Amino acid sequence: EADLGISVDTAADLAKESADVLLTEKSLGVLATGVVLGRRTFGNIVKYIKMTLSSNFGNMFSVVGASVLLPFLPMQPTQLLVQNLLYDLSQVAIPLDTVDPEYVAMPRRWDVADIGRFMLWFGPVSSLFDYTTFLVMWNVFLANTPERASLFQSGWFVEGLLSQTLIVHMIRTAKVPFLESSAPWPVVACTSLIMITGICIPFSPVGSAVGLRPLPLHYFPILAGILLCYCSLTQYLKPLYIRRFQNWL
């Protein structure tokens, strides 16, 4: 007994009525194409959930810890809203993303436990570099009083947004991003535009309206070093995670 009945739209009425799938072309190739597209869609959904949950989990640690340790808020509510809005916009192109050929070669199952493991592994990595940024803003730029809170908040606003946006490229593939697997141009364009926007906001009237202030130029080489270390550590942990759990997306 067949699990699925297939017919073409030019078949007899009885055959079409009993079919579960009606093909508009006289070729079974459309079924294979549909399977691949379905697996790609599933992969994009999983990558979105994993990157969002791990990022938010790390941010929770950062916000709670900084709120306890600092004499001022690490970021104002309006600043968090702007940052989250920009981060969400950076992921608008994910439905247009591709997945590695190895991923669509076999069917995948929805695994809630794996999503939880992923969040616990990579969420704290994001938080680690948030705290690194806190130390830099506190000790290097002396943003350690309520009067200089806006400088501290600007530094974390930019670092937090850029690290969250970069993680899109780190998580979307089990391979080395940009070298072994690159995102299609809509994803690259969208994430690049958001990163540039995030850097510019503290220097803009929008930044002033939400309590941000321009950052010193020597902040940006330090930021580049933090982001490089963040991506390097994530890439180092990636094969360890795959080896242990036999899964990435």
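**Close-up views of the predicted model**

**Figure 1. The loop residue Leu142 and its backbone.** Leu142 is located in the loop that joins helix H4 (112–140) to H5. The model shown here and in the following views is predicted. The phi angle of Leu142 is near 55 degrees, a positive value for a residue that is not glycine.

Figure 2. Phe178 belongs to the loop between H5 and helix H6 (185–200). Its phi angle is near 75 degrees, which is again positive in a residue other than glycine. Phe178 has a relative accessibility of 48% and therefore counts as partly exposed, since this class lies between the limits of 20% and 50%. Ser182 is also placed in the loop between H5 and H6. With 44% relative accessibility, Ser182 counts as partly exposed. Ser182 and Leu28 are 154 residues apart along the chain, and their C-alpha atoms are separated by 30 Å.

**Figure 3. Packing of helix H5 against helix H8.** Helix H5 (residues 149–171) packs with helix H8 (residues 219–245) at an angle of about 35 degrees, and the two axes lie 10 Å apart. The crossing of H5 past H8 is right-handed. On the H5 side, the contact consists of Gly155, Val158, Glu159, Leu162, Ser163, Leu166, Ile167 and Met170. These meet Tyr219, Leu223, Ile226, Leu227, Tyr230, Cys231, Thr234, Gln235 and Lys238 of H8. Sorted by class, the contact of H5 with H8 contains eleven nonpolar, four polar and two charged residues.

**Figure 4. Glu159, a buried acidic residue without a salt bridge.** Glu159 is part of helix H5 and takes part in the contact with H8. Where is the nearest side chain of opposite charge to Glu159? That side chain belongs to Arg213, at a distance of 17 Å. Side chains of opposite charge can pair when their charged atoms come close. Glu159 is buried and has no salt bridge, because a salt bridge requires a side-chain nitrogen of Lys or Arg within 4 Å of a carboxyl oxygen. Apart from neighbours within four places in sequence, the contacts of Glu159 are Phe129, Asp130, Thr133, Tyr219, Leu223, Ile226 and Leu227.

Figure 5. In total, six salt bridges are counted in the model. One of the salt bridges joins the side chains of Asp97 and Lys47, with an N to O distance of 2.8 Å. Asp97 is in the loop between H3 and H4, whereas Lys47 is in helix H2, so this pair ties together parts that are 50 residues apart in sequence. Both Asp97 and Lys47 are buried. The side chain of Asp97 also meets that of Arg172 in a salt bridge, at 2.9 Å from N to O. Arg172 lies in the loop between H5 and H6 and Asp97 in the loop between H3 and H4; the pair therefore links parts that are 75 residues apart in sequence. Arg172 counts as buried at 3% relative accessibility, and Asp97 counts as buried at 1%.

Figure 6. The side chains of Lys50 and Asp114 form a salt bridge, with 2.5 Å between N and O. Lys50 is in helix H2 and Asp114 in helix H4, so the pair ties together parts that are 64 residues apart in sequence. In the case of the Arg172–Asp97 pair, the parts tied together are 75 residues apart in sequence. Salt bridges with shared partners join Lys50, Asp111, Asp114 and Arg117 into one network.

**Figure 7. Surroundings of Met51.** Met51 is a residue of helix H2. It is buried, with a relative accessible area of 0%. Neighbours within four places in sequence being set aside, Met51 is in contact with Tyr87, Gln91, Ile94, Ile167, Val168 and Ile171. Of these residues, Ile167 is also among the H5 residues that meet H8. Met51 and Glu25 are 26 residues apart along the chain, with 38 Å between their C-alpha atoms.

**Figure 8. Leu73 in the loop between H2 and H3.** Leu73 is placed in the loop between helix H2 (29–69) and helix H3 (77–90). It is partly exposed, with a relative accessible area of 42%. Leu73 and Pro216 are 143 residues apart in sequence, and the C-alpha to C-alpha distance between them is 21 Å.

Key. Residues numbered from 1 in each chain as written. Predicted model: local features only at pLDDT ≥ 70, side-chain atom pairs only at ≥ 80, totals over all residues. Heavy atoms only, no water. Axes fitted to C-alpha atoms, helices over the stretch in contact; angles between N-to-C directions. Helix = DSSP H or I, 4+ residues; strand = E, 2+ residues; numbered from the N terminus. Left-handed = near helix turned anticlockwise from the far one by under 90°. Contact = heavy atoms within 4.5 Å. Nonpolar A, V, L, I, M, F, W, Y, C, P; charged D, E, K, R; others polar. Buried < 20%, exposed > 50% of the residue type's maximum accessible area, 1.4 Å probe, protein only. Lys, Arg positive; Asp, Glu negative; His and termini not counted.
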